[in-house]
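Biologist: I have not looked at this structure before. Please take me through some of its features and say what each label rests on.

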Amino acid sequence: METSNHPKIIEQLNTYHPGMNLSEQYQYVRNYSVEICEPLQREDYVVQPVVDVSPPKWHLAHCTWFWEEFILAKYQHGYTRFHPRYSFLFNSYYNAVGDRVLRLHRGNMSRPTVDEILAYRLYVDQHMMEFLKTIPDEVKELVELGLNHEQQHQELLVTDIKYILGHNPLFSTYRTDFQETSLNETDHAFLDIKEDIYTIGYSGSGFSFDNEHRQHKMYLNNFSIRKSLVTNGEYLQFIEAGGYHNPQYWHTDGWTWVQEHKIDAPLYWYLMDGKWNRYAMSGLESIDPLEPVTHVSFYEAYAFAEWKKMRLPTEFEWEAASTHLDWGKRWEHTNSAYLPYPGFAKADGAIGEYNGKFMINQMVLRGASVVTPTGHSRNTYRNFFQPNLRWQFTGIRLCKK
Ligand SMILES: [Fe+2]
């Protein structure tokens, strides 16, 4: 994965290193969630501009709830919850845990205050640090899941903060030193991958999510995949060629989405005095034609590929080619539906709801983005979103047809 020349905040997003013990890993991950929010004003913590974007305050509380619900309440003898109603407020989607505030209403909760949520974090952290001193072996895997869960929310925190600030006409800066890309995309050569039987899925000894299992074999035909991601400059050509006005490039659903929402550019692109600008975490900037395009939906990625007379890779092709690719800047759209691998099995109870129940009506994205904690992803990692969503740092890699 690309690591050189990353901006300061991305270095901070570096995950715990293998030398750390579990308590140190826990502290490292927990502290970083709060640090991400430090540039915010109190008002920024509360708003929910669209259903997919949760208030930063909610993320801070929900990650804490995860530790309380799945570890402390279950395994810490005599543990008393910080607040009896917080499970209702901060459960995200676990039906097995019970009723909860509707996702759409997360931004309606002016209480608990940010300070109360920080006190909640401190309370849970103190109990977790005690618990980790004598953690039973059978709970260690669940703690690893909790760490990876919080890292996923760290990425969501950054992307949700961007949405909140980037959809306010003041276009306030998050941090002036925050760079959203490290390298320009200049090598447009294609890599030829030989037909063969490839092994897909995770089989190592480190952490992995259940959706990366089971490992299985898959035959792939010869294919050619581009070394670099699609750039802003190339995407601008698509816009200028009328790509958003020609239904021949689009799925029916995508075309309906374009029409209904009057889509004519990636998210955060603004045409000002005849020039394209984009909102970035460091403020409003003119488009850099050599940077990888970002904040495009699957619908747009597909239409762009059609216009180029190319296609998106399948997730299996992506995985087979990944060791030869410089990936990690953008979540890369694939033309694969999010489905269970052969032999996939959900865990019993609430934890089984983590991934499996979302395997419908979503597409897989591979890689990692510039705001994914380094080391959190791997070449078997399967991210997934609905085809119209684009507030994550998504990008496009092409295959020849
Ligand atoms: Fe969550």
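Modeller: This is a predicted model. We can start with the largest pocket, which is lined by 38 residues. Y93, R103, L156, F384 and F385 are the ones nearest its centre.

Biologist: Which elements supply at least two residues each of that lining?

Modeller: They are α3, α6 and β11 (383-385). The largest share is from α6, with six residues. The space in the pocket comes to about 870 Å³.

Biologist: How is the lining of the largest pocket divided by class?

Modeller: It has 15 nonpolar, 15 polar and eight charged residues.

Biologist: What makes H62, H149 and H153 donors of the iron ion?

Modeller: A donor atom must be within 2.8 Å of the metal. The NE2 atoms of H62, H149 and H153 lie 2.2 Å from the iron ion, so they meet that cut-off. Along the chain the donors follow the spacing H-x86-H-x3-H. H62 in helix α3 (residues 56-75) and H149 in helix α6 (residues 137-166) are 87 residues apart, and the pair links distant parts of the chain. Both H62 and H149 are buried.

Biologist: Why is R121 called buried?

Modeller: Buried means under 20% relative accessible area. R121 has 2%, so R121 is buried. R121 lies in helix α5 (residues 114-133).

Biologist: What is R121 in contact with, leaving aside its neighbours within four places in sequence?

Modeller: R121 is in contact with R30, S33, V34, L60, C63, T64 and E150. Here contact means heavy atoms within 4.5 Å.

Biologist: How do you know that strand β5 and strand β6 pair?

Modeller: Two strands pair if there are at least two bridges between them. Strand β5 (residues 269-272) and strand β6 (residues 275-280) have four bridges, in the antiparallel sense, so they pair by that rule. W269 stands opposite R278 in β6. The hairpin of β5 and β6 has two residues between the strands, and D273 takes a positive phi near 50° there.

Conventions: Residues numbered from 1 in each chain as written. Predicted model: local features only at pLDDT ≥ 70, side-chain atom pairs only at ≥ 80, totals over all residues. Heavy atoms only, no water. Donors = N, O, S within 2.8 Å, 3.2 Å for Na, K, Ca; no water. Buried < 20%, exposed > 50% of the residue type's maximum accessible area, 1.4 Å probe, protein only. 1 Å grid on protein atoms, 1.4 Å probe; cavity = no way out; pocket = protein on both sides within 12 Å on 5 of 7 lines; lining within 4 Å. Points joined across faces, edges and corners; volume = space filled by probe spheres on them. Nonpolar A, V, L, I, M, F, W, Y, C, P; charged D, E, K, R; others polar.
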